[in-house]
Amino acid sequence: MSKSHRITIIIFTLVFMVAVIAGVVIRTAQDDGLEAVSPDVTLTTEDEPEVTSVTEATTELTTEATTAPTTVSTEATTEPVPEEEEPEESGEVVIAIGGDTSIDSEFADACYSWGVDYPWKEVSDIFNAADIAIVNLETCVSDTGESEKPEGYGFRTPPEMLEGFVNAGIDIVNLANNHVRDFGYDALLNTFENLTNYGIEYFGAGYDEDDAEGLLVKEVNGVTIGFVGCNKVYLSSSCAASEDHAGINMVYSMDDERTQDFLAKIAEYDSQVDVLIVFMHCGTEETFDVTSYQKELGRALIDNGADIVIGGHSHTLQPIEFYNGKPIFYSIGNLIFWHVDDDIDGLTCIFNITVDKDGFKSLTIDPLFIKNYKVYLLTEGEGTYASRYRQIIDLMNELCLDYGIQFDDDGVMYFIEDTEEQ
């Protein structure tokens, strides 16, 4: 046999084998329900089948040898249209609010002896369980400055005490009050810095007027909640925030320009959040009675867009009024403050307010008693200070009766009648 003859036979044999292999591949693909893919169609990484090098070579030869048109499956190349996601439904938010707080003098000494968590031990679970926890910080937080108040009335909390706030679950503090400037301008600036260093947010005072009256916004469970504060209690003009001066967001008489400007801000803030909570610091100390100014300012805040108003300064519990369907807490009393073992200032509560996108939903109070430089969580019928529990429930019922509000034995608020404006 000649050399050329042998080469011809070898070539013929190779072509025959390739044709046989290609036929097997095509039949296998048809049996599996697969369709051939045109060479000008690019598969995505997700759709591209895994192949061996032999199969790839065979497919190349087959594609070149085949002249019949191929069909591209639209099912293989058309991606399904994703269903439009429904908007997430908003939920409820629990806000735990405590009153005047200052880890100062004997309270600080107790913390140095027994740890920074000592004053908070009985209430930290409540604050930590809430979605947002707030107190009125009735003190500067600094280790500098000289007191600007009469002896015994200037409050200064050592910065390291803020660790106790954090451990207790406090997220935010209100600074719109008459004690955050007690140790001077530098101590006020130091307060801002120390709070920031410990991750505690604040409102009601700031580096300038815009900052002091600015809105702090938190979004929780699909609900946006805004916080802002103002102080009416007399302070020197140097304590008020201005365009280039750090200070407190001050308000004055109802017809004062600064008060009216702040009310206009409330109307503006109302459009930016679902729920607007305003802290107002005013009234008369050591009394359960509400002044005419408290009512006037509280109601004006509601009229201009506030959904909830929280009052302080008296160091006592005071009534709750629903005005145009929205609550005004005229004073929430103390939390951890220098009045102790006292039937006026020592009786207090944590106010647990539940809100949703529409505003106020419900209220539960946790009665407390201040003694031994800490706050005690009271329960009915047991514990050293059990009788205080009933005393506080009865006090709140007495204060709120004329406003059509009462509390059951568990501290849950309910309405007893439609209220009229007082």
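Author: Let's begin with helix α11, residues 386–400. This is a predicted model, where local features need pLDDT of at least 70, side-chain atom pairs count only at pLDDT 80 or more, and totals for chains, interfaces and linings use all residues. Residues are numbered from 1 along each chain as its sequence is written, and side-chain values use heavy atoms, with hydrogens and water left out.

Reader: Which elements cover the buried residues of α11?

Author: Among them are β13, β16 (347–356), β17 (359–371) and β19 (405–407). The buried residues of α11 include Tyr389, Ile392, Ile393 and Met396.

Reader: Why is Asn231 called buried?

Author: Buried means under 20% relative accessible area, exposed over 50%, and partly exposed in between (1.4 Å probe, protein chains only). Asn231 has 0%, so it counts as buried. Asn231 sits in strand β9, residues 223–231. Leaving aside neighbours within four places in sequence, its contacts (heavy atoms within 4.5 Å) include Asn177, Met250 and His281. The Asn231 side chain also reaches the backbone oxygen of Val233 at 3.0 Å.

Reader: And what makes Ile416 partly exposed?

Author: Its relative accessibility is 40%, so Ile416 counts as partly exposed. You'll find Ile416 in the segment after β20 (413–415). Not counting residues up to four places away in sequence, Ile416 touches Leu401, Gly404, Ile405 and Gln406. Gly404 is twelve residues from Ile416 in sequence, yet 5.2 Å away C-alpha to C-alpha.

Reader: What makes β12 and β14 a pair?

Author: Two strands pair if DSSP finds at least two bridges between them. Strand β12 (residues 308–312) and strand β14 (residues 326–329) have two bridges, in the parallel sense. Ile310 has Phe329 in β14 as its bridge partner.

Reader: What is the strand order of the open sheet?

Author: Its six strands run β8-β9-β11-β12-β14-β13, with mixed pairing. The edge strands are β8 (216–220) and β13 (320–323), each pairing on one side only.

Note on methods: Helices (H or I, at least four residues) and strands (E, at least two) are DSSP runs, numbered from the N terminus. A polar contact is a pair of N or O atoms within 3.5 Å; within protein, one must be able to donate a hydrogen and the other to accept it, and residues adjacent in sequence count only if both atoms are side-chain atoms. The expected span of a helix is 1.5 Å times one less than its number of residues.
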